[in-house]
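Please read the following as a guided walk through one protein model, taken a region at a time.

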Amino acid sequence: MPSIVELLGIELPIVQAPMAGVQRSALTIAVSNAGGLGSLPGALLSLDELRVDLAAIAAATGRPFNVNFFCHVPPRPDPGREAAWRETLRPYYDELGIEAGVAPSGPARAPFSHDAADVLSEFKPPVVSFHFGLPSAELLQRVRAWGAKVLSSATTVDEARWLEQRGVDAIIAQGLEAGGHRGMFLSDDLTTQVGTLALVPQIVSAVSVPVIAAGGIADAAGVAAAMALGASGVQVGTAYLLCPEVTTSSIHRAALKSEPARHTALTNVFSGRPARGVVNRLIREVGPISSVAPEFPLAGAAVGPLRAKAESRGSGDFSPLWSGQNASGCREIPAGDLTRALLP
Ligand SMILES: Cc1cc2nc3c(=O)[nH]c(=O)nc-3n(C[C@H](O)[C@H](O)[C@H](O)COP(=O)(O)O)c2cc1C
């Protein structure tokens, strides 16, 4: 079995986690130029933004990089549930003085599509990774047509086997400590979700493709531990969140540096799917898991105006402050330096 360094043509076994909403191409470029695998998250980008970022990467590095997409099935709108969700949030609208009829403004997370594949085909990124399973066989074939290596996240042994059967080149084993959305896609039962230390060796024994460990890895000792468990490399997200190349808001940065960063939870209140972030008011009062929140990604729209208003007053009460359990590796240093510092 090739190592991920050989498979992906990189120098260091470090994949920078794609982080939708807090980064554009600058982070991707910095990490790829340092010898790791920089990643560009496509989930929140318009097609024009995707093209702009891919062109910036192509101009700034000749090294391999990764483009990442969500591949959820968009839910059927459920007006009853959405009305109940808005009713749940109404006291906050009243408190912040937001008109009930204000247009929802949550992030529009779109799954990977033929339109996105058209843009990718202009740039032929060497690696494409997915979250929430895989796109249709037809879409996957389009990505493979230019020779891209395909990665996807597994949060259980069953998901890892499922991905291997569909021909992925490497599997990202995402442990429960990880920041951001859980990549879970075969079950929505949170009791199936386990920590990185438990997950990585089980997936390594179950599949014959390289495994990339993710979740709670924030320093060289963590990378060495993941490799000792049989991982071929690591995917690190949270540790990059204070780097100058990241677009993390000042509110998010302050939360990561504060005592509350030690309190994270899995919550569905910002999007409809479980994701890990720093506990704030909305999570505490409405979540962490709400049975009223509409399905992913619809829950986000009604939270959008609350977030915007609160942030304009300097408050992160209604913002998704994504963070993994281990924020101890967050450092305000260039992402290339942080990448090299992760080497055991
Ligand atoms: C702010 C943030 C945004 C994220 N967005 C994405 C994303 O767009 N796509 C994806 O595949 N994973 C995303 N993730 C999850 C990461 O891929 C990865 O599983 C996680 O960062 C690893 O754990 P760590 O945060 O403890 O390093 C995100 C994580 C964070 C912290």
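Predicted model: local features only at pLDDT ≥ 70, side-chain atom pairs only at ≥ 80, totals over all residues.

Strand β3 itself, made of residues 65-70, is mostly covered, since six of its six residues are buried. In a regular strand, side chains alternate between the two faces of the sheet. In β3 both faces are covered, with Phe65, Val67 and Phe69 buried on one side and Asn66, Asn68 and Phe70 buried on the other. Elsewhere in the sheet, strand β4 (residues 127-131) is joined by four bridges to strand β5 (residues 149-154), and the two run parallel. Here valine 127 stands opposite lysine 149 in β5.

The helices can be taken in pairs. The axes of helix α2 (residues 25-33) and helix α3 (residues 47-60) come within 9 Å and cross at roughly 25°, and the two helices are therefore roughly parallel to each other, as angles under 35 degrees count as such. Their crossing is right-handed. On the α2 side the contact is made by Ser25, Thr28, Ile29 and Asn33, and on the α3 side by Asp53, Ala56, Ile57 and Ala60; sorted by class, these residues divide into four nonpolar, three polar and one charged.

A second pair is formed by helix α7 (residues 157-165) and α8, whose axes come within 9 Å and cross at roughly 35°. The crossing of α7 and α8 is also right-handed. Val157, Ala160, Arg161 and Glu164 in α7 meet Leu199, Gln202, Ile203 and Ala206 in α8, which gives this contact five nonpolar, one polar and two charged residues.

Valine 207 lies in the loop between α8 (196-206) and β8 (211-214). Is this valine 207 buried or exposed? Its relative accessible area is 7%, and valine 207 is therefore buried, the cut-off for that term being under 20%. Leaving aside residues up to four places away in sequence, valine 207 touches Ala160, Arg161, Glu164 and Ile171. One of these, alanine 160, is 47 residues away from valine 207 in sequence but 7.1 Å away in space, taken from C-alpha to C-alpha.

Other loops hold details of the backbone. Lysine 124, in the loop between α5 (114-123) and β4, has a phi near 50°, a positive value in a residue other than glycine. Phenylalanine 132, in the loop between β4 and α6 (137-145), likewise has a positive phi, near 75°, and at 4% relative accessibility this phenylalanine counts as buried. The loop between α11 (281-286) and α12 (299-312) contains proline 288 and also proline 297. A cis peptide bond joins glycine 287 to proline 288, with omega about 5°, and another cis peptide bond joins phenylalanine 296 to proline 297, with omega about 0°.

Key: Residues numbered from 1 in each chain as written. Heavy atoms only, no water. Axes fitted to C-alpha atoms, helices over the stretch in contact; angles between N-to-C directions. Parallel < 35°, antiparallel > 145°, perpendicular 65-115°, else oblique. Left-handed = near helix turned anticlockwise from the far one by under 90°. Contact = heavy atoms within 4.5 Å. Nonpolar A, V, L, I, M, F, W, Y, C, P; charged D, E, K, R; others polar. Pairing = 2+ DSSP bridges. Buried < 20%, exposed > 50% of the residue type's maximum accessible area, 1.4 Å probe, protein only.
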